Amino acid sequence: MPEAVISVSGLRKSYGEVEALRGIDLEVRRGEVFAFLGPNGAGKTTAISILEGYLPRDAGAVEVLGEDPARAGRAWRGRIGLVLQECRMESLLTVRETLTMFAGYYRRPRSVAETIELVGLGDKADERAGRLSGGQQRRLDVAVALIGDAELLFLDEPTTGFDPSARRTAWAVVEGLRDLGKTVMLTTHYMDEAQALADRVAVIAAGEIIAAGTPDDLGGRSRAASLISFDLAPADAAAVRTAVAGEWSQANGRVTLRSGDPTRSLHELTGWALANDVRLGALEVTRPSLEDVYLELIEAGRRR
Amino acid sequence: MSGLALVLHQFRYEQKVFWRSPATVFFTVMFPVIFLLIFSSLFGDERIDELGIETATYYVPGIITLAVVSATLVNVAMRMVEMRESGRLKRMRGTPLPTWAYVGGRVGNAFVVSLLMVVIVTALGNVLYGVPVPTATIPALLVTLVVGTFAFCSLGLALSIAIPSEDAAAPITNFTVLPLYFLSGVFVPETEIPDGVLTFASVFPIRPFFELLLTVYDPLAAGAGFDWGRLAFVAAWGMAGALITMRWFRWAPRHG
């Protein structure tokens with residue numbers, strides 16, 4: 001197993017009375033693409049800012065590339081690259097000039113021309129940054145993060161505000177980083193983004209990690225369960241709920257049974273319906289999508 | 001890249017940005033030149049009897065004061081606010097570029113522009129209005145310029161801390177320096193200003209900086225033009241600005 005590039009335990013941070021992070025543990029290994037997934041205000045940016053060395057923490061142990069980010073120096077900063085949530089590059093410098101300027105800060109930078117190609121700004125190399133579209137500016141931002149040839153990249157909501165095609169391009173860039181063997185930590189509030197890019201995902205809500213794992217395992221148990229739902233009159237609904245055991249819920253005349261063993265549940269259910277001469281209207285068996293799992297996790301986190 | 005090379009690297013890009021920005025070039029380079037032409041054309045031939053010099057000779061150091069303060073304090077404050085609020089300053093902070101190299105590039109830019117303005121204003125004053133070129137006091141002029149660039153750049157950095165947003169940068173900066181130009185005798189000959197007002201203006205660094213330049217350009221003044229007391233006073237303001245900057249400087253945008 002490759003070594004840990006980021007390890008965090010018991011990380012806490014408060015702003016006045018508000019607890020932004022309430023004890024976070026995580027580990028990211030070399031070569032991994034790790035996504036921090038959560039709604040706005042969940043603590044993603046606070047956590048990533050602490051890892052980047054911008055923000056002091058209140059408690060907990062943090063190690064990034066073998067150093068404490070709160071105390072790390074220039075050499076350490078040369079090994080990380082970042083895309084901040086909000087950053088406008090100098091509008092009066094061209095794409096090429098901007099990258100050449102940043103390249104000068106690093107001991108062994110990537111080639112400027114190659115980096116421009118990598119983010120797909122080849123035909124805009126001599127355009128001033130102020131004349132680029134929003135998506136192109138964001139790509140320049142990503143190029144600046146890459147120019148130092150860092151081992152570890154922090155991308156804070158790298159695709160927020162992108163149109164669908166710009167998002168696909170950005171995803172391709174992250175895929176490219178994975179192929180280069182870089183470790184990437186990104187934050188996003190898009191489930192599909194985490195699913196497309198990340199090797200592992202941690203869902204954060206109200207300052208706590210409420211689920212973690214590969215995108216496929218995430219919220220594994222609830223995803224494995226099926227939902228059997230149908231329309232039924234209230235009186236019959238009460239009857240079926242006593243006849244068939246399981247996790248029931250009911251809304252707007254539609255009854256839902258959550259089951260880990262849908263074959264058996266369906267058999268019992270339809271058996272009960274035939275025996276009692278009741279019709280199960282619009283009968284449906286579904287599995288929750290990753291999006292549903294995510295929303296459910298967030299909701300559960302909120303109630304905590 | 002090592003120390004000096006990094007400062008030069010940063011300086012090159014500061015220069016590019018400076019000369020590509022029409023507003024900056026207008027207010028820092030064109031504006032003082034236009035003021036020199038207006039003031040000197042209106043009052044150039046008159047003499048200021050109490051000082052024994054022509055008005056144009058008075059206005060050359062006055063306009064240089066205006067140009068240097070624009071190139072340093074005003075430019076540095078406005079650009080730092082823009083850099084901070086755009087998130088670029090925070091971004092720079094995340095690179096291995098040392099802070100002193102970054103600040104060095106910016107101060108270097110301010111010094112070169114100030115020096116250029118000294119040359120332009122002195123040359124125009126000489127060619128158009130016969131204002132003598134102060135050859136005997138060039139060392140004092142350079143020392144004054146170095147001390148002034150340091151002091152007004154560090155005050156610009158300190159002022160940027162107090163400016164909450166990009167929109168507020170121009171009004172706050174101008175509100176800080178404009179009254180001082182008038183009170184310090186930069187726009188209005190000091191012989192027209194009451195003593196009490198001049199004493200008040202002398203508490204701030206623009207008035208002593210202007211007096212240093214006036215001594216350098218005054219053909220009647222004897223000696224090499226060094227006034228160590230005033231130089232120390234301007235430098236002390238610079239130190240105060242530097243201390244405030246080191247204590248309260250912020251890299252991240254104010255909003256968010």
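To start with, how many salt bridges does the structure hold over all chains? And then, what does the contact between chain B and chain A look like in detail?

Reply: Keep in mind that this is a predicted model. Over all chains, the structure holds 37 salt bridges, and seven salt bridges are counted between chain B and chain A.

Let's go to that contact. Chain B brings 25 residues to it and chain A brings 26 residues. Between them they bury about 2,600 Å², with carbon and sulfur atoms giving 55% of that area. On the chain B side, the residues that lose the most area to chain A are Arg20(B), Arg91(B) and Pro96(B), together 31% of what that side buries.

Polar contacts are there too: 16 residue pairs between chain B and chain A, both partners at pLDDT 80 or more. As for which elements of chain B are involved, helix H1 (3-20), H3 and helix H4 (88-93) each give two or more residues to the side that touches chain A. H1(B) gives the most, with seven residues. Sort that side of chain B by residue type and you get eight nonpolar, eight polar and nine charged.

Now zoom in on Arg91(B). Its salt-bridge partner is Asp141(A), with the closest N and O atoms 2.1 Å apart. This pair crosses between chains, running from helix H4 of chain B to helix H5 (residues 134-146) of chain A. Both ends, Arg91(B) and Asp141(A), are buried.

For contrast, here's a pair inside chain A. Glu32(A) and Arg200(A) meet in a salt bridge at 2.5 Å, N to O. The two sit 168 residues apart, Glu32(A) in the loop between strand S2 (18-29) and strand S3 (33-37), Arg200(A) in strand S8 (residues 200-205). Glu32(A) counts as buried because its relative accessibility is 12%, while Arg200(A), at 26%, counts as partly exposed.

One last thing, in case you were wondering about covalent links: a search of the whole structure finds zero disulfides over all chains.

Terms used: Residues numbered from 1 in each chain as written. Chains lettered and ligands numbered in written order. Predicted model: local features only at pLDDT ≥ 70, side-chain atom pairs only at ≥ 80, totals over all residues. Heavy atoms only, no water. Disulfide = S-S within 2.5 Å. Contact = heavy atoms within 4.5 Å. Buried area = accessible area lost by both parts, 1.4 Å probe. Salt bridge = Lys/Arg side-chain N within 4 Å of Asp/Glu carboxyl O. Polar contact = N/O pair within 3.5 Å; in protein donor to acceptor, adjacent residues only side chain to side chain. Helix = DSSP H or I, 4+ residues; strand = E, 2+ residues; numbered from the N terminus. Nonpolar A, V, L, I, M, F, W, Y, C, P; charged D, E, K, R; others polar. Buried < 20%, exposed > 50% of the residue type's maximum accessible area, 1.4 Å probe, protein only.
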